[in-house]
Structure formats: C-alpha cells, structure tokens
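Try each one yourself before reading the solution.

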Amino acid sequence: MADVASRSTSRTGSEPSTAELVQRATEQVSRLVRDELALARAELTQKGKHAGIGIGLFGGGGVMALYGTGALVATAILLLALVMPAWLAALIVAVALFLLAGILALVGKKQVSRAVPPVPEATVRSVRADVDTVTAAVKDGRRA
C-alpha cells in the first residue's frame, strides 16, 4: 500500500485519477495473490519433505517390526523344539499363525463391508433436509 503514495500523480492535478487508483489496486492485488501462492507453495513443499521423511522412517520401523516378529516366531519354534521334534514345533507355530491370519482377515472383511458404499449417508440426508427446508421456505415466501 506504500506504493500508492510514492507513485506519481496524474497529469492534471495533485491527486491520481480513479482509473490510476484502480489500476494500482489491481496490480497490488495480483502481486499479493502471486506472493501468497508462492509462500503457500514453499510451505507445502517443506511440509511435503517432512512428510516424506516421516513416512519413510515409519516404513523402516514397520520393516524392523516385521523382522522382530520373525525372530519371535523362530524363538517360539525353538522353544517348542525343546519338548518335541523340530518339524512338529514348526508345524504348530505355522498353524497358529495361519489361524491368526484368518481371524484378522475376517475381522478386516467385516470392517470393509461396514464402509461400503463409500457415501456419507448421514451428510446426504442432512443436505437433502436442508434443501427441502429452503425449498419450502421459498414456496411459502411466494405465497405470502
């Protein structure tokens, strides 16, 4: 806004014309919008970098947890192998893992079926009610 005072005045007097003021305002608004967009772009780029690093570290933690789970499974097999043949211990642990996988899959399927269809039904009902209310109000307004 300091640019308005520092610019030259119109040719006919000491005050700038309305057209000049409108032109200056338009230029300043477009410059402000460009600057705000550049700032937003820079901020989103920075946040995207942090999110990417965080996701990578989270994935690395998941891989390490998977290795740790494998080590625990091997420990369970070796522990059972102390009291029975190793092949039987491995079979028991494998069956237990498949049972756990099946239970998790069934629970996951149930959760997914609750999410289908992916339509926000309550919101749709609410919007329809709003539209009906506005429509009724407009009709009542025309009758009056």
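**Exercise 1.** Which pattern does the protein follow, read along the sequence?

*Solution.* Keep in mind that this is a predicted model. Walk along the sequence and you get α-α-α-α. The tally is four helices and zero strands.

**Exercise 2.** Find the salt bridge, then say where its partners sit and how E43 is classed.

*Solution.* Searching the whole structure turns up one salt bridge. The pair is E43 and K47, whose side chains meet at 3.6 Å, N to O; that passes, because the cut-off is within 4 Å. Now place them: both residues belong to helix α2, which covers residues 18-81. They are four residues apart, about one turn of the helix. Finally, E43 has 43% relative accessibility, so E43 counts as partly exposed.

**Exercise 3.** Which residues make the nonpolar surface patch of about 450 Å², and why can V95 be part of a patch?

*Solution.* The members are W87, L91, V95 and L99. Take V95, which lies in helix α3, residues 86-115. Its relative accessibility is 43%, so V95 counts as partly exposed.

Key
Residues are numbered from 1 along each chain as its sequence is written. This is a predicted model: local features need pLDDT of at least 70, side-chain atom pairs count only at pLDDT 80 or more; totals for chains, interfaces and linings use all residues. Side-chain values use heavy atoms; hydrogens and water are left out. Helices (H or I, at least four residues) and strands (E, at least two) are DSSP runs, numbered from the N terminus. Buried means under 20% relative accessible area, exposed over 50%, partly exposed in between (1.4 Å probe, protein chains only). Patches are made of residues with over 30% relative accessible area and no salt bridge: like charges are joined within 9 Å, nonpolar side chains (Val, Leu, Ile, Met, Phe, Trp, Tyr) within 5 Å. Accessible areas come from the Shrake-Rupley method with a 1.4 Å probe; for residues, only the protein chains shown count as cover.
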